[in-house]
Amino acid sequence: MSRSSTALQSRALVNTCGHSEKSNYRYNVYRLDISSGAIDRLTDLTGTIEGLSLSADSKKAVLLHNGGYYLLDVNSYQLAPIPLRNFE
């Protein structure tokens, strides 16, 4: 089973893609350089990615991963959780 979400970066395509190893899902974010065809894996995650949104300048992305939000620096591959507050 695989599922993907795609966002267009300047001259690259940023995409989530996953596969299942028995009952363990492994979804990750990849960047495809359109001119060279080079593919870089930007994350190393276990579990699902339910959403991906790339910033207007293509430098950051927000992921919804296993029910939590994360900020991905597309150039350095750094992934950090985004703390959410209770707004009740």
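A contact here means heavy atoms within 4.5 Å. This is a predicted model: local features need pLDDT of at least 70, side-chain atom pairs count only at pLDDT 80 or more, and totals for chains, interfaces and linings use all residues. Residues are numbered from 1 along each chain as its sequence is written, and side-chain values use heavy atoms, with hydrogens and water left out.

**Whole chain.** Colour by secondary structure. You get eight strands and zero helices. Strands are DSSP E runs of at least two residues, helices H or I runs of at least four, numbered from the N terminus. Of the 88 residues, 31% are buried (under 20% relative accessible area, 1.4 Å probe, protein chains only). Now show the surface.

**Core.** Select Val14, Tyr27, Val29, Leu42, Leu45, Ile49, Leu52, Leu54, Ala61, Leu63, Leu72 and Val74. These 12 residues form the largest nonpolar core. Such a core is a set of buried Ala, Val, Leu, Ile, Met, Phe, Trp, Tyr and Cys residues joined through side-chain atoms within 4.5 Å. β3 (24-33), β5 (49-54) and β6 (60-65) each give two or more residues to this core. β5 supplies the largest share, three residues.

**His65.** Go to strand β6 and pick His65. Buried or exposed? His65 counts as buried because its relative accessibility is 8%. Next, show its surroundings. Leaving out residues up to four places away in sequence, His65 touches Leu45, Thr46, Gly47, Thr48, Ile49, Glu50 and Tyr70. Finish at Thr48: its backbone oxygen lies 2.8 Å from the His65 side chain.

Methods. Buried < 20%, exposed > 50% of the residue type's maximum accessible area, 1.4 Å probe, protein only. Polar contact = N/O pair within 3.5 Å; in protein donor to acceptor, adjacent residues only side chain to side chain.
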